Amino acid sequence: MAAPRRAAVLGSPIAHSLSPVLHRAAYEELGLTGWTYDRFEVDEAALPGFFETLGPEWAGLSLTMPLKRAVIPLLDGISETAASVDAVNTVVLTQDGRRTGDNTDVPGMIAALREHGIDKVEAAAILGAGATASSALAALSRVCPGEIAVYVRSEARAAEMRQWAERLEVSVRIADWADAEQALHAPLVISTTPAGVTDALARSVPERPTALFDVLYDPWPTDLAARWSAYGGAVVSGLDLLVHQAVLQVEQMTGLAPAPLDAMRKAGERALAAR
């Protein structure tokens, strides 16, 4: 019998996380009866101490805010994708003690878009300029050769997005949030804002919208996503992103591929419906 292995998601706050539901569903489907996946409330100050407790039974960690950058100095190395956005959401732990970081948000976004038939767009718009927006920009760098408009609420955020654009070598136009309704006419709109921020934009959805990727999954649908869908536009949800990035995490942590995408999605849908 294989030795029990452990994995978990860390962050603060963490009680809302669907990651345990998704990963446990994968373990069950893959027959990994000795694997467990938990959640731990860990902030930046507590992270180094948590790492000191990790033994050889640990296979991996999922990281959410505010740990995606704080974890980097604690690792032996990070992937090119993680380095491109200066953020790690996945740590693979080997039994000889090596700790390697990756970012599955970026390829998870690309996979979610492709699942909805979106392989390439000529232009795009991003609503918001926080941590998720940098991952969105990195994903768009691989599917959008044209201009990317980023709608921001502060000059500080605008400066950050210009830096990311330069680093990722993409063409970005910074626009004021007051003009955000113009974003809704782009071939692809990615909304990276917290719950409620885009509600007022719902009334400005065009009659023939194209594609919306709203990274939220709870509450769902957002007002913007609901109006977009009602008008016949394609909608990619935050659950789509969460499942696709979790699939990649499961594959890296367990060494088994493919991870059971459908079983993980259904488990996430059931958990959300029960909230």
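**Exercise 1. Find the volume of the largest pocket and the residues closest to its centre.**

Step 1: In this predicted model, the largest pocket has a volume of about 1,200 Å³. A pocket here is an open set of points, on a 1 Å grid over the protein atoms alone, where a 1.4 Å probe fits, with protein on both sides within 12 Å along at least five of seven lines; the volume is the space filled by probe spheres set on the points.

Step 2: The lining counts 48 residues, each with an atom within 4 Å of a point. Closest to the centre are Thr64, Met65, Lys68, Thr132 and Val215.

Step 3: Now look at α8 (238–254), which gives the largest share of the lining, five residues. Helices (H or I, at least four residues) and strands (E, at least two) are DSSP runs.

**Exercise 2. Work out the order of the six-stranded open sheet and its edge strands.**

Step 1: Trace the order β9-β8-β7-β10-β11-β12, with parallel pairing (at least two DSSP bridges between two strands).

Step 2: The edges are β9 (172–176) and β12 (234–236), each pairing on one side only.

Step 3: Zoom in on β8 and β9, joined in the parallel sense over five bridges; Val152 stands opposite Asp176 in β9.

**Notes.** Residues are numbered from 1 along each chain as its sequence is written. In this predicted model, local features need pLDDT of at least 70, side-chain atom pairs count only at pLDDT 80 or more, and totals for chains, interfaces and linings use all residues, while side-chain values use heavy atoms, leaving out hydrogens and water.
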